[in-house]
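The sequence and structure are shown first.

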Amino acid sequence: EFEEARKWVANDLVFDKNVDVNLFESTIRILGGLLSTYHLSGDSLFLEKAKDIGNRLMPAFKTPSKIPYSDVNIGRGTAHPPRWTSDSTVAEVTSIQLEFRELSRLTGDEKFQKAVDEVMKHVHTLSGKNDGLVPMFINTNSGQFTHLGVYTLGARADSYYEYLLKQWIQGGKKENELLEDYMRAIEGVKKHLLQRSEPKKLTFVGELAHGHFSAKMDHLVCFLPGTLALGAHNGLAADHMKLAETLLETCYQMYAQVETGLSPEIVHFNLHAQKGHKDVEIKPADRHNLLRPETVESLFYMYRFTGDKKYQDWGWEILQNFNRYTRVPTGGYTSINNVQNPSNPEPRDKMESFFLGETLKYMFLLFSDDIDLINLDKYVFNTEAHPLPIWVPA
């Protein structure tokens with residue numbers, strides 16, 4: 001199968017096309033995937049392809065502020081913001097660093113790393129943060145945060161926090177600004193976003209909008225227990241591990257308290273005990289499941305670092321529910337519209353690439369007891385589950 005895929009990459013993967021791509025999605029999937037495959041196979045074909053796409057993504061950084069545009073035409077070498085705004089998403093511009101830095105290291109061409117390091121240095125100095133928590137949007141002209149006052153660890157901000165820690169690990173734990181920003185942000189989470197639900201008193205991460213707390217949590221936030229555990233494993237505060245454990249219990253409950261045993265895209269937690277109500281409430285617009293990886297990803301980290309079999313058991317339950325409600329008889333899996341209806345979960349006929357790239361990969365790693373199957377002291381995973389080498393292994 002690898003040979004077949006290699007042949008396709010060699011002969012059919014052509015980037016010289018008049019097509020707009022999203023900088024972030026293309027970096028984490030295509031560039032990250034090619035770099036990772038190069039390391040795991042040693043085959044220079046993949047590095048050549050990585051260099052090609054890396055160069056084609058560079059025009060995104062030609063902006064007045066050096067904060068990249070969201071979209072780039074990889075054939076024409078032009079870039080632009082989305083049609084409706086001159087803003088980029090904070091998570092997107094701060095979650096391309098692992099890949100571009102690695103591309104510089106492998107090619108000896110520092111332009112890739114320079115472009116993405118400049119973004120981090122700039123964001124480090126910006127005002128508009130709230131105890132290390134960042135707003136969701138940043139303007140490519142002014143380089144300033146926009147839509148101030150809304151703080152979330154879900155969509156549009158999530159992987160900013162993940163990549164602070166992971167860049168610090170990738171670089172051999174030398175870049176203190178990254179670590180400072182990460183530690184400050186986790187303190188900000190504790191101070192502003194943590195609450196407990198009723199009746200089970202589950203600790204969850206909510207959102208803050210203009211000083212008002214909202215008990216809303218995206219499934220995307222379930223990356224956080226794994227990230228916290230990874231930090232603790234790398235010598236950061238032991239209470240990060242405690243928090244990781246309690247949050248992962250919550251993420252598991254986002255599956256366990258639902259009729260199909262699959263988490264919806266977004267949940268709201270009950271802050272007040274009501275008779276006959278669980279901790280988790282689901283709004284009709286949020287009850288879809290896209291086969292997302294975040295909870296399984298965190299289960300993998302926690303199992304690796306604690307050896308506690310319950311994390312494997314939880315992952316096995318989740319896999320069985322994916323098989324029961326999302327598996328397609330003719331092959332593949334599909335997103336579903338309604339996790340609350342076991343008799344008809346309303347299949348969507350769509351399987352996101354991250355289901356194969358991340359969800360199943362993290363399942364596979366979770367169920368293996370071989371710590372050298374991607375050793376976490378030698379590799380750091382990008383946010384699309386592609387392992388990249390740590391430059392100075394611990």
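The model is predicted, with local features requiring pLDDT of at least 70 and side-chain atom pairs counting only at pLDDT 80 or more, while totals for chains, interfaces and linings use all residues. Residues are numbered from 1 along each chain as its sequence is written, and side-chain values use heavy atoms, with hydrogens and water left out.

Helix α11 (residues 294–306) packs against helix α12 (residues 310–325) at an angle of about 155°, the axes lying 9 Å apart. The two helices are therefore roughly antiparallel (an angle over 145 degrees). Their crossing is left-handed, that is, the near helix is turned anticlockwise from the far one by less than a right angle. In α11, Thr295, Val296, Leu299, Met302, Tyr303 and Thr306 meet Tyr311, Gln312, Trp314, Gly315 and Ile318 of α12 (contact: heavy atoms within 4.5 Å). The residues of this contact comprise seven nonpolar, four polar and no charged.

His288 is placed in the loop between β14 (280–281) and α11, whereas Thr27 belongs to helix α2 (residues 23–41). The table gives their burial (buried: under 20% relative accessible area).

| Residue | Relative accessible area |
|---|---|
| His288 | 16%, buried |
| Thr27 | 0%, buried |

A polar atom of the His288 side chain lies 3.5 Å from the backbone oxygen of Ala285. Beyond neighbours within four places in sequence, the contacts of His288 include Ser263, Glu265 and Arg348. The side chain of Thr27 reaches the backbone oxygen of Leu23 at 2.6 Å. With neighbours within four places in sequence set aside, Thr27 is in contact with Gly32, Leu57, Ile96, Glu99 and Phe100.

Conventions:
Axes are lines fitted to C-alpha atoms, for helices over the stretch in contact, and angles run from 0 to 180 degrees between N-to-C directions. Helices (H or I, at least four residues) and strands (E, at least two) are DSSP runs, numbered from the N terminus. Angles under 35 degrees count as roughly parallel, over 145 as roughly antiparallel, 65 to 115 as roughly perpendicular and the rest as oblique. Ala, Val, Leu, Ile, Met, Phe, Trp, Tyr, Cys and Pro count as nonpolar, Asp, Glu, Lys and Arg as charged, and the others, Gly among them, as polar. Buried means under 20% relative accessible area, exposed over 50%, partly exposed in between (1.4 Å probe, protein chains only). A polar contact is a pair of N or O atoms within 3.5 Å; within protein, one must be able to donate a hydrogen and the other to accept it, and residues adjacent in sequence count only if both atoms are side-chain atoms.
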